[in-house]
Amino acid sequence: MGDVAKDLTVGTIGGGAQLICGHPFDTIKVKLQSQPTPLPGQAPKYTGAIDAVKKTIAAEGLGGLYKGMGAHWLLWQLSMSWSWSWGSLILVGGLAGASFWGFVYPTDVVKSVIQVDDYKNPKFSGSINAFRTILASEGIKGLYKGFGPAMVRSVPAIAACFFAYEVTRSALG
C-alpha cells in the first residue's frame, strides 16, 4: 500500500474513532451553550453536563448524543486528505484551517441546530431542511453565526493538528 493510501486509511480510522468518542461531548456542549437563561426562580433545563447526558438519553436514546454527526464525518474526511511542507507547516495549517472553516462552517451551524432541536416537537426534519430554513429566514448570515469565535479557536487548533500529524509521521518514519 502506498504512503498516500496508508495516510488516508489511518487518518480515516483515527478520525472515525475521534468522532465516535468525541461527538457526544460536542452535542452536550452545544446543548449547554444554547439553553435559555431561566427566569428568576426557575431551574435551568440542564444543571450541568451529566444532567444533560441523562436527559438526552432519557428523551432521545443513545442516538441523541450523535445528532449532527454526519457533517463532522465529512469535514474530517476532507481535512485528512491534506498534507503540507514541513517548513511552513504551522502557517499553512492555520491558513488551511481558516479557508476550510470559511467554506464548511454552515455545516457546523446546521449540525448545532439539529443537536439542540426539540426531540418531541422538532423544528427541522433533517440537515437539508435546517439548512434551507436558516437560509430562507436569516440569509447567508444565519449560516455563519458565531464564525468569529470559531475562527479564533479553530485556526490555531488546526495549525497545531497539522504540526502534530507531520511531526508524528516523521518520527514514525
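Student: Leaving aside its neighbours within four places in sequence, which residues is Ile158 in contact with?

Tutor: Contact here means heavy atoms within 4.5 Å. With that cut-off, and with neighbours within four places in sequence set aside, Ile158 is in contact with Gly93, Gly97, Phe100 and Trp101. Keep in mind that this is a predicted model, where local features need pLDDT of at least 70 and side-chain atom pairs count only at pLDDT 80 or more, while totals for chains, interfaces and linings use all residues. Residues are numbered from 1 along each chain as its sequence is written, and side-chain values use heavy atoms, leaving out hydrogens and water.

Student: Which residues of the largest nonpolar core touch the most other members?

Tutor: The general idea is that in soluble globular proteins, nonpolar side chains tend to be buried together. A nonpolar core is a set of buried Ala, Val, Leu, Ile, Met, Phe, Trp, Tyr and Cys residues joined through side-chain atoms within 4.5 Å. Buried means under 20% relative accessible area, exposed over 50%, and partly exposed in between (1.4 Å probe, protein chains only). In this structure the largest core has 16 residues, and Phe100, Trp101, Tyr105, Val110, Ile114, Ala130 and Ile158 touch the most other members. Helices H4, H5 and H6 each supply at least two residues of this core, and H4 gives the most, with eight residues.

Student: How many helices and strands does the protein have?

Tutor: Both are DSSP runs numbered from the N terminus: helices are H or I with at least four residues, strands are E with at least two. The protein has six helices and zero strands. Of its 173 residues, 32% are buried.

Student: How many salt bridges does a search of the whole structure find?

Tutor: Side chains of opposite charge can pair when their charged atoms come close. A salt bridge is a side-chain nitrogen of Lys or Arg within 4 Å of a carboxyl oxygen of Asp or Glu. The search finds seven. In one of them, Lys111 pairs with Asp26, with the closest N and O atoms 2.3 Å apart. Because Lys111 lies in H4 (residues 89–116) and Asp26 in H1 (residues 3–34), the pair ties together parts 85 residues apart in sequence. Lys111 and Asp26 are both buried.

Student: Where do Asp51 and Lys55 sit relative to each other?

Tutor: They are four residues apart in helix H2, so about one helical turn separates them. Asp51 counts as buried because its relative accessibility is 18%, whereas Lys55, at 38%, counts as partly exposed. Elsewhere, salt bridges with shared partners join Asp26, Lys29, Asp108 and Lys111 into one network.
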